[in-house]
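Take a walk through the model shown below.

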Amino acid sequence: MNQQAATLKPVKIVNPIADFWNEVLAPKFIKYKHIMVGGLSRHSELVFPALPLAPGDRVLDVGCGFGDSAIALAKRVGAQGEVVGIDCCDAFLEFGRKQVQEEGIANIVFEVGDAEHALPSAAFDLVFARFGTMFFVNPVAGLRQMRQALKPGGRMIHIVWGARADNPWLSLAKDIVLKFLPVPGSDGLSCGPGPFSMADQDHTRKLMETAGYTDIHFIRVDAPVMVGTTIREAIDFQLAIGPAGEVFREAGVLGEARRPEIEAALTDMLAAQTTTEAGIFMDSSSWVISAINSSN
């Protein structure tokens with residue numbers, strides 16, 4: 001692979017949020033990988049066929065997680081193309097590395113990286129991110145780094161969650177948990193700005209314009225996502241990951257003391273959702289946002 005595209009600048013991630021992802025969230029995400037990957041891919045699989053990719057293109061996948069999106073991109077650009085997948089959690093990347101080795105995919109590498117601080121310059125035809133940019137501590141800096149990693153005229157596409165009201169799979173459980181537990185304090189540990197930090201079109205457009213992008217477009221994607229194969233698993237998932245999980249975790253001993261009441265309320269909510277042989281499904285909605293690096 002071309003070393004400019006395949007190798008990021010060595011960087012030691014000094015970032016409390018990155019530490020939090022590695023130390024607290026990574027084990028939870030790995031436990032519920034079957035839910036997370038299945039849910040996220042429902043949004044990207046509707047987008048992938050229309051991605052502006054050609055054989056031989058170089059692609060950067062920011063916040064690639066378990067690597068499924070990066071691997072799909074690698075298959076799209078073919079053997080002459082190149083894909084670099086980066087994430088702050090090396091534990092996530094190990095899943096992608098294993099799959100790449102098992103399938104003999106030679107045009108992809110996975111590296112620990114922080115898109116807010118160190119990316120190659122003018123190295124990629126496409127920079128892609130699926131549900132990662134919402135967690136940038138400094139979104140303008142991260143978005144600008146992604147733009148500068150593009151060749152002139154290159155395109156950036158990122159997928160972010162839409163409005164809370166359109167994402168009950170994330171918001172409804174939190175509303176229920178907050179009936180029993182206090183709102184976390186401002187000093188609480190968190191995953192960053194949060195899943196809805198880029199839900200507002202006007203706000204996100206302004207962030208991207210400030211970062212130097214042009215030709216910015218939003219496309220809405222709605223898709224039901226599985227939140228658990230059973231009600232028991234769905235409850236555990238909601239109390240481990242996402243907004244409800246953050247409230248429950250920060251409540252500590254109080255959360256555990258009120259767990260029976262919380263679980264009873266979540267059971268009632270989940271029982272009213274769509275249930276199939278595959279599991280329990282709830283509505284979700286995202287924005288697919290595309291833009292161009294028009295800088296020379």
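Ala122 sits in the loop between strand E3 (108-112) and strand E4 (124-130). Strands (E, at least two residues) and helices (H or I, at least four) are DSSP runs, numbered from the N terminus. Ala122 is not a glycine, yet its phi is positive, about 50°. Its relative accessible area is 36%, which makes Ala122 partly exposed. The scale runs as follows: buried is under 20% relative accessible area, exposed is over 50%, and partly exposed lies in between (1.4 Å probe, protein chains only).

This is a predicted model, so local features need pLDDT of at least 70 and side-chain atom pairs count only at pLDDT 80 or more, while totals for chains, interfaces and linings use all residues. Residues are numbered from 1 along each chain as its sequence is written, and side-chain values use heavy atoms, with hydrogens and water left out.

Phe131 also has a positive phi without being a glycine, near 55°. It belongs to the loop between E4 and helix H6 (139-148). Is Phe131 buried or exposed? Phe131 is buried, at 8% relative accessible area.

Now the interior. In soluble globular proteins, nonpolar side chains tend to be buried together. Here the largest nonpolar core has 99 residues. Such a core is a set of buried Ala, Val, Leu, Ile, Met, Phe, Trp, Tyr and Cys residues joined through side-chain atoms within 4.5 Å. Leu60, Val62, Ile108, Val127, Leu143, Met146 and Tyr213 have the most contacts inside it. E8 gives the most to this core, with seven residues. Take Val127. Beyond its neighbours within four places in sequence, Val127 is in contact (heavy atoms within 4.5 Å) with residues including Leu60, Val62, Met146, Arg155 and Ile157.

Next, a pocket. On a 1 Å grid over the protein atoms alone, a pocket is an open set of points where a 1.4 Å probe fits, with protein on both sides within 12 Å along at least five of seven lines; lining residues have an atom within 4 Å of a point. The second largest pocket holds about 170 Å³ of space. That volume is the space filled by probe spheres set on the points, which are joined across faces, edges and corners. Its lining includes Val47, Leu51, Arg155, Ile157, His217, Ile219 and Val288. E5, E6 and strand E8 (280-292) each supply at least two lining residues. By class, the lining has nine nonpolar, two polar and one charged residues. Ala, Val, Leu, Ile, Met, Phe, Trp, Tyr, Cys and Pro count as nonpolar, Asp, Glu, Lys and Arg as charged, and the others, Gly among them, as polar.

Last, the charges. The whole structure has 14 salt bridges. Each is a side-chain nitrogen of Lys or Arg within 4 Å of a carboxyl oxygen of Asp or Glu. One joins Arg220 and Asp166, at 3.5 Å, N to O. This pair links distant parts of the chain, 54 residues apart: Arg220 is in strand E6 (214-228), Asp166 in the loop between strand E5 (150-161) and helix H7 (168-177). Arg220 is partly exposed at 42%, and Asp166 is partly exposed at 27%.

Other bridges stay within a helix. Asp236 and Arg232 pair at 2.7 Å; both lie in helix H9 (231-238), four residues apart, about one turn. Arg259 and Glu263 pair at 2.9 Å, both in helix H12 (259-271). Glu263 is buried at 15%, while Arg259 is partly exposed at 24%. A network of salt bridges links Arg232, Asp236, Glu256, Arg259 and Glu263.
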